[in-house]
Amino acid sequence: QVQLVESGGGLVQTGGSLRLSCAASGRTFSSYAVGWFRQAPGKEREFVAAITRTGDYTNYANSVKGRFTISRDNAKNTASLQIDSLKSEDTAIYYCAAAPVIVTVIRGIPDYWGQGTQVTVSS
């Protein structure tokens, strides 16, 4: 079993930056690929970014490519999502997720989910 806890969300102005963190506990963190998803009000949950177990490969949704950066620190059992040039459309609850392989994360069927952290972008 793996427990995931997100943090770092908040209220930020358009054009600003925010860094989200995902802290993992339980099973060895390095055994899992990690991903981020988000869900805006009235919208379906969508894939944002993912990273392999070793961090040697990353994948991003086209809507966030160039603005979002996913990373991980296996020594600290954490994964992060750096968000730059925030837009109003980025407002959503952001979820951390994990699975043994990155493909499972990208397809939206990870084994574990965090509780989410709210990101609100103001004008």
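This report describes a sheet, a disulfide, a nonpolar core and a group of aromatic rings in a predicted model.

## The open sheet

Four strands make up an open sheet, in which the pairing is antiparallel and the order is β1-β3-β8-β7. Because β1 (2-7) and β7 (68-73) stand at the edges and have a single partner strand each, one side of each of them is left without a neighbour in the sheet. From one strand to the next, the twist averages 15 degrees.

Within this sheet, strand β3 (residues 18-26) and strand β8 (residues 78-83) run antiparallel and are joined by six bridges. S21 has S80, in β8, standing opposite. In general, the strands of a sheet pair through backbone hydrogen bonds, and the pairing may be parallel or antiparallel.

## The disulfide

A search of the whole structure turns up one disulfide, which joins C22 to C96 with an S to S distance of 2.0 Å. Since C22 belongs to strand β3 and C96 to strand β9 (residues 92-99), the pair ties together parts that lie 74 residues apart in sequence. The torsion about the S-S bond of C22 and C96 is about -80 degrees, and the disulfide is therefore left-handed.

The two cysteines can also be described by their accessibility: C22 counts as buried because its relative accessibility is 0%, and C96 is buried with a relative accessible area of 0%.

## The nonpolar core

The largest nonpolar core has 38 residues, and those with the most contacts inside it are L4, L20, W36, V48, F68, L81 and Y94. Strand β9 supplies the largest share of this core, namely six residues.

## The aromatic rings

The structure holds four aromatic pairs. In one of them, the rings of F37 and F47 have centres 5.6 Å apart and planes at 75 degrees, so this pair is edge-to-face. F37 lies in strand β4 (residues 33-39) and F47 in strand β5 (residues 46-51), so the pair ties together parts that are 10 residues apart in sequence.

F37 is buried, its relative accessible area being 3%, and F47 is likewise buried, with a relative accessible area of 16%.

Notes. Residues numbered from 1 in each chain as written. Predicted model: local features only at pLDDT ≥ 70, side-chain atom pairs only at ≥ 80, totals over all residues. Heavy atoms only, no water. Pairing = 2+ DSSP bridges. Helix = DSSP H or I, 4+ residues; strand = E, 2+ residues; numbered from the N terminus. Axes fitted to C-alpha atoms, helices over the stretch in contact; angles between N-to-C directions. Disulfide = S-S within 2.5 Å. Buried < 20%, exposed > 50% of the residue type's maximum accessible area, 1.4 Å probe, protein only. Core = buried A, V, L, I, M, F, W, Y, C linked by side-chain atoms within 4.5 Å. Phe/Tyr/Trp six-rings, centres within 6.5 Å; stacked < 30°, edge-to-face > 60°.
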